[in-house]
Amino acid sequence: MKKKLGLALGGGFWRGIAHIGVLKAFEEAGIVPDLVAGTSAGSIVAALYCSGWRPEELEELALNLQPRDLYDSVPMVLNLSLMAIKVVVDALHLPFPLPAPLGLMSGYKLERWVESHLEEKTFLELKKMLAITAVDICTGHRIVFVGEGICPAGRAEDVFFLCGVPVAEAVRASCSVPGLFEPKRIGGRLLVDGGLRENVPVEVLRLLGAEVVVGVDVGDEGRHYRPVENIVQLLSQSLDIIGEEVTRHKLERYADVVIRPFLAGVGAWDFARRAHCIARGEEAARQAVPALQKLLGG
């Protein structure tokens, strides 16, 4: 009897494009995951893949993708200025006539882009079982979006499963990098990037009943940090540093196979190196295929 295979696609900004290479290698080897969990950048690839996009189609889409397709047109400097003014005004206990933004960008374009490429599919209309993770910034709880009727096989005290949320909204919540994108409000919760608690959602797959778990880690792991030159690089590298130890612990405990594409020197915002990321993901996954096939009984 075939074991239930779960694939966890982690966050990593533009490095997340490497997930497409992993999917290409899996398809080539005839490996088909039964359920996919995605966090942040990984949630975008996971959602599209589960909706029916083939790896080759995802590759073409990624190579033609431009930052302006995902990032809001309102200048970052405007939101940054409002945020700075609000901090000063609050410190002086003065009234402020405008609502201060909670991030540099609203995330509107990102959500609309995902929605259009999913053709507004719901979780139940997807071709594969999908789980998208986020974090409630007010409580610290991990939030997992799944289709209606999905009953977790396991439990964790700080994990809450939510149903009935549009896939694009779940992805938008999962991609809400603190400071960069404004949090996503869903059901009374204020949600941010799932990578704050579990950047590669392997534990989530165990909770959903996966018997063999593959985790794809496209983070820096602290080995290739570089000097920061702007606030965006500061935010992305800060998340890498914060999540490094937690990610390693989770992978050691819950993943049977860990795939780490060799992305040395690729920054979180190196969108010009998309083809390189895909190639490295494909290469790393091919190396992992024999061990994975053995675990699956193939």
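Residues are numbered from 1 along each chain as its sequence is written, and hydrogens and water are left out, side-chain values using heavy atoms. Because the model is predicted, local features need pLDDT of at least 70 and side-chain atom pairs count only at pLDDT 80 or more, while totals for chains, interfaces and linings use all residues.

Helices (H or I, at least four residues) and strands (E, at least two) are DSSP runs numbered from the N terminus. Two packed helices are described by the angle between their axes and the distance between the axes. Axes are lines fitted to C-alpha atoms, for helices over the stretch in contact, and angles run from 0 to 180 degrees between N-to-C directions.

Helix 2 (residues 41-50) packs against helix 6 (residues 108-118) at an angle of about 20°, the axes lying 10 Å apart. Helix 2 is therefore roughly parallel to helix 6 (angles under 35 degrees count as roughly parallel, over 145 as roughly antiparallel, 65 to 115 as roughly perpendicular and the rest as oblique). The crossing of this pair is right-handed; a crossing is left-handed if the near helix is turned anticlockwise from the far one by less than a right angle, and right-handed if clockwise. In contact (heavy atoms within 4.5 Å) are Ile44, Ala47 and Leu48 of helix 2 and Leu110, Trp113, His117 and Leu118 of helix 6. By class, six of these residues are nonpolar, one is polar and none is charged. Ala, Val, Leu, Ile, Met, Phe, Trp, Tyr, Cys and Pro count as nonpolar, Asp, Glu, Lys and Arg as charged, and the others, Gly among them, as polar.

Helix 2 also meets helix 7 (residues 167-174), where the axes come within 8 Å and cross at roughly 160°. Helix 2 and helix 7 are therefore roughly antiparallel, and the crossing is right-handed. Ser43, Ile44 and Ala47 of helix 2 and Val167, Val171 and Ser174 of helix 7 make the contact, which comprises four nonpolar, two polar and no charged residues.

Helix 1 (residues 18-29) and helix 3 pack at about 155°, with axes 9 Å apart. Helix 1 is therefore roughly antiparallel to helix 3, and their crossing is left-handed. Ile20, Leu23, Lys24 and Glu27 in helix 1 meet Pro55, Glu56, Leu58, Glu59 and Ala62 in helix 3. This contact has five nonpolar, no polar and four charged residues.

The structure holds three cavities of 30 Å³ or more. On a 1 Å grid over the protein atoms alone, a cavity is a set of points where a 1.4 Å probe fits but cannot get out, and lining residues have an atom within 4 Å of a point. Grid points are joined across faces, edges and corners, and a volume is the space filled by probe spheres set on the points. The largest cavity has a volume of about 390 Å³. Its lining has 24 residues, with Phe13, Ala41, Ile44, Leu65 and Leu70 nearest the centre. Helix 2, helix 3 (55-64), helix 6 and strand 7 (179-181) each give two or more residues to this lining, and helix 2 provides the largest share, four residues. By class, the lining has 21 nonpolar, two polar and one charged residues.

Terms used. 1 Å grid on protein atoms, 1.4 Å probe; cavity = no way out; pocket = protein on both sides within 12 Å on 5 of 7 lines; lining within 4 Å.
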